[in-house]
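Thanks for coming, everyone. Please bring up the structure on your screens, and we will walk through it together.

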Amino acid sequence: MTMRRALRGPILHFLDDPGDEDRPREGSLGYFADGLLVIENGRVAALDDAETLLPTLHADTVLEHHPERLIMPGFIDAHLHFAQLGIIASYGRQLLDWLNNYTFPEESRFRDRDYADRIAEAFIDEQLRHGTTCAMVFATSHENSVEALFTAAKRYDMRLMTGKVLMDRNAPEALRDDPVKGIADSRRLLERWHHSGRLEYVLSPRFAPTSSPEQLAAAGRFLDDFPGIAMQTHLSENRAEIEWVASLYPEADDYLDVYARAGLLRSRCFFGHAIHIDDSVRRRLREADAAITVCPSSNLFLGSGLFDWRAARAQGVNLALATDIGAGTSLSQLQTLQDAYKVCQLNGYPLPVWQAFYRLTLGNARTLGIERHVGSFAPGMEADVVILDTAGTPLMARKRESRESRLDELLFDLMMLGDDRCVASTYVMGEPRYRRAG
């Protein structure tokens, strides 16, 4: 039986990168002031002006009308830690203190499958409440954590990427594995979960300090064995961390070279943060078709530094935006955009609204290599949708009352004043999975 749904209202999605100017590049976005998104069996069937498509709807189509809201593709988060949900925004000075005082003790609890299941369910619920329909996520070094998160995501048919964290040194015993066991566990989890529904396995060495050269080399061989598999890790987030890496890997030219020597610098390798880098590192990332996952909120919270968005764009580096909870202080990607804007301002240039919302949708999808599935409303795409209330907070409502806003102004209000209160509904494969009360 064909399941049909149509969403009517203002609809915005991106067709291409809108650029870094105040006006988007011609042909880079599709906007319908009164549009109709038609969904059949979880996929986009059509998108056009409502007056064009309404006469074509099947009689059994469920029609929803949202004239005062904004319909967009579901948000995509490119870097976060589900096991850190319970320690979000914990006081911890800078990165290494924070890891030792909060992260490692909390992640040790995920040996317990019941605990992992509870947090995984809460994490997925929070993602949907914040309008996020797809994410690339770090689990912990326990198989239980991966099993729990994949199980929870599959229950909602959510597109999710995760994997067992590899760590064999410089961490509590409860979190350490070894090069042989870590890769064996990863292989077993991949064979069970990769491409099961909308799930994807991601090789996940935490970062160079917690992996021996042997473990990183084994991870590189794993990527050789499974071409096209994604890899996520961390790079040059904190100056003390960088000095630590240099002492642990004296033979490497720099932090990125540690990964390159292990075979972990290639397409679909994602490096979180990458704040303290130069043009040589940016060039090597671009040449390898690797990517940086930019985490402005956590970088500000831990005092790690200000990511140079313009320099990375100038070098043609693949970029994605991410919340990075728990050092990131909110699962709301609207608040991530707010922090990204402030970081860019401190670096001497703005982040235009078009580029910001492109990153949360088609831009992040392209960087993660999943743009054939999600990120826009092109026909045949998976129908992940967020419906945004552009007057979702009292201040935003007051602004709406005082004047008629252009689309760019509405987006800027969402970006600078918005949070989870602005998410009215979230749909996964065309099915409503979250509706705001009231």
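**Salt bridges, strands and helices**

Start with Asp389 and Arg436: they form a salt bridge, and their closest N and O atoms are 3.0 Å apart. Asp389 belongs to strand 15 (residues 385-389), while Arg436 sits in the segment after strand 17 (431-435), so this pair ties together parts that are 47 residues apart in sequence. Now check the cover on each partner. Asp389 has a relative accessible area of 11%, so Asp389 is buried. Arg436 is at 23%, and therefore counts as partly exposed.

Before I go on, a word of caution: this is a predicted model.

How many salt bridges does a search of the whole structure find? The search finds 40. One of them joins the side chains of Arg4 and Asp60, at 3.1 Å from N to O. Arg4 is in strand 1 (residues 4-14). Asp60 is in the loop between helix 1 (50-53) and strand 4 (62-65), so the pair ties together parts 56 residues apart in sequence. Arg4 is buried, at a relative accessible area of 17%. Asp60 is partly exposed, at 42% relative accessibility.

Next, Asp185 and Lys164. They form a salt bridge too, with the closest N and O atoms 3.6 Å apart. This pair links distant parts of the chain, 21 residues apart: Asp185 is in helix 5 (residues 179-193), and Lys164 is in the loop between strand 8 (159-163) and strand 9 (165-166). Are these two residues buried or exposed? Both Asp185 and Lys164 are buried. They also belong to a network of salt bridges, which links Glu143, Lys164, Asp177, Lys181, Asp185 and Arg188.

Now strand 6. Strand 6 covers residues 75-81, and seven of its seven residues are buried. Which way does strand 6 run relative to strand 7 (residues 132-138), parallel or antiparallel? The two run parallel, and five bridges join them. Look for Ile76: Cys134 of strand 7 stands opposite.

Stay in strand 6 and find Phe75. Phe75 has a relative accessible area of 0%, so Phe75 is buried. What does Phe75 touch, leaving aside its neighbours within four places in sequence? Its contacts include His130, Gly131, Thr132, Thr133 and Cys134. Further along the chain, they include Gln333, Leu334, Phe357, Leu360, Thr361, Val386 and Leu388. Here is a pair to click on: Phe75 and Asp384. They are 309 residues apart in sequence, yet 8.5 Å apart in space, from C-alpha to C-alpha.

On to two helices. Helix 4 spans residues 143-155, which makes 13 residues. From first C-alpha to last, helix 4 reaches 18 Å, close to the 18 Å expected at 1.5 Å a residue. Its buried residues are Ser145, Val146, Glu147, Ala148, Leu149, Phe150, Ala152 and Ala153. What do they pack against? Their partners are helix 3 (113-129), strand 7, strand 8, helix 5 and strand 10. Just after helix 4 comes Asp157, with a positive phi of about 60 degrees.

Helix 6 (residues 213-225) also has 13 residues. Helix 6 reaches 19 Å between its first and last C-alpha, close to the expected 18 Å. Buried here are Gln215, Leu216, Ala218, Ala219, Gly220, Phe222 and Leu223. These buried residues pack against three kinds of neighbour you can pick out by eye, including helix 5, helix 8 (255-261) and strand 10 (199-205). Strand 9, strand 11 (230-235) and strand 12 (269-273) are also among the elements they pack against.

Back towards the end of the chain, to strand 16 (residues 423-428). How many bridges pair strand 16 with strand 17? There are four, and the pairing is antiparallel. Tyr427 has Pro432, in strand 17, as its bridge partner. The hairpin of strand 16 and strand 17 has two residues between the strands, and there Met429 takes a positive phi near 50 degrees.

Last stop, the surface. Leu300, Leu306 and Leu346 form a nonpolar patch there. Together they have about 260 Å² of accessible area. Where is Leu306? Leu306 is in the loop between helix 10 (296-301) and helix 11 (309-314). Its relative accessible area is 34%, so Leu306 counts as partly exposed.

To recap the salt bridges: the whole structure holds 40, and one of them is the Asp389 and Arg436 pair we began with. Over to you for questions.

Definitions and conventions. Residues are numbered from 1 along each chain as its sequence is written. This is a predicted model: local features need pLDDT of at least 70, side-chain atom pairs count only at pLDDT 80 or more; totals for chains, interfaces and linings use all residues. Side-chain values use heavy atoms; hydrogens and water are left out. A salt bridge is a side-chain nitrogen of Lys or Arg within 4 Å of a carboxyl oxygen of Asp or Glu. Buried means under 20% relative accessible area, exposed over 50%, partly exposed in between (1.4 Å probe, protein chains only). Patches are made of residues with over 30% relative accessible area and no salt bridge: like charges are joined within 9 Å, nonpolar side chains (Val, Leu, Ile, Met, Phe, Trp, Tyr) within 5 Å. Accessible areas come from the Shrake-Rupley method with a 1.4 Å probe; for residues, only the protein chains shown count as cover. Two strands pair if DSSP finds at least two bridges between them. The expected span of a helix is 1.5 Å times one less than its number of residues. Contact means heavy atoms within 4.5 Å.
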